[in-house]
Amino acid sequence: SYKRSKTVFDVPSEFLSRIVGLDFDLLIPVSGHLSYEMKEGVLRLTKLTDSFSENRRSEFFLLHGADFPTIDPAARLNIVIEMKQFVLFKLTESFVISIDGTLFDPQFHLKKKKWFFN
């Protein structure tokens, strides 16, 4: 991932992004632990733990649904990750990041989850 140095213009944008929505700088860099298993030629992602953005302002989880997130032998991706962004006063906003396509041409989709009781 690429990280640029901060400028004077970042302060207002950081403040506004915390109030009104997603701060894209919270997506990277991410550090944490990913557990996986290989079964019948398919790489299954089983657990994502202690996965946070810089300064621990976002936390990431694997969403399993009916199946585990996978990378198959043809390098097709089927991965869904939930991101909780910590905003002002300990409130959180949830987003779902889905990754599909292939390992060589991944497609990323970002969707905001409903705010309460989801």
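1. Basis of the note. The structure is a predicted model, in which local features need pLDDT of at least 70 and side-chain atom pairs count only at pLDDT 80 or more, while totals for chains, interfaces and linings use all residues. Residues are numbered from 1 along each chain as its sequence is written, and side-chain values use heavy atoms, with hydrogens and water left out.

2. Of the 118 residues, 29% are buried, where buried means under 20% relative accessible area, exposed over 50% and partly exposed in between, with a 1.4 Å probe and protein chains only. The accessible surface is about 8,600 Å², with 61% of it belonging to carbon and sulfur atoms, as computed by the Shrake-Rupley method with a 1.4 Å probe. Among contacts (heavy atoms within 4.5 Å) between residues at least 6 apart in sequence, 36% join residues at least 24 apart.

3. Strands β1 (residues 30-39) and β2 run antiparallel and are joined by nine bridges, two strands being taken as paired if DSSP finds at least two bridges between them. Met-38 has Leu-43 in β2 as its bridge partner, and in this hairpin, which has two residues between the strands, Glu-40 takes a positive phi near 55 degrees.

4. The nonpolar core. A nonpolar core is a set of buried Ala, Val, Leu, Ile, Met, Phe, Trp, Tyr and Cys residues joined through side-chain atoms within 4.5 Å; the largest one here has 12 residues, among them Leu-45, Phe-60, Ile-71, Met-83 and Phe-95. At least two residues of this core come from each of β2 (42-53), β3 (58-62), β5 (77-86) and β6, and β5 gives the largest share, four residues.

5. A charge over a ring. Arg-56 lies over the face of Phe-52, at 3.6 Å from the ring centre; the criterion is NZ of Lys or CZ of Arg within 6 Å of the ring centre and within 35 degrees of the ring normal.
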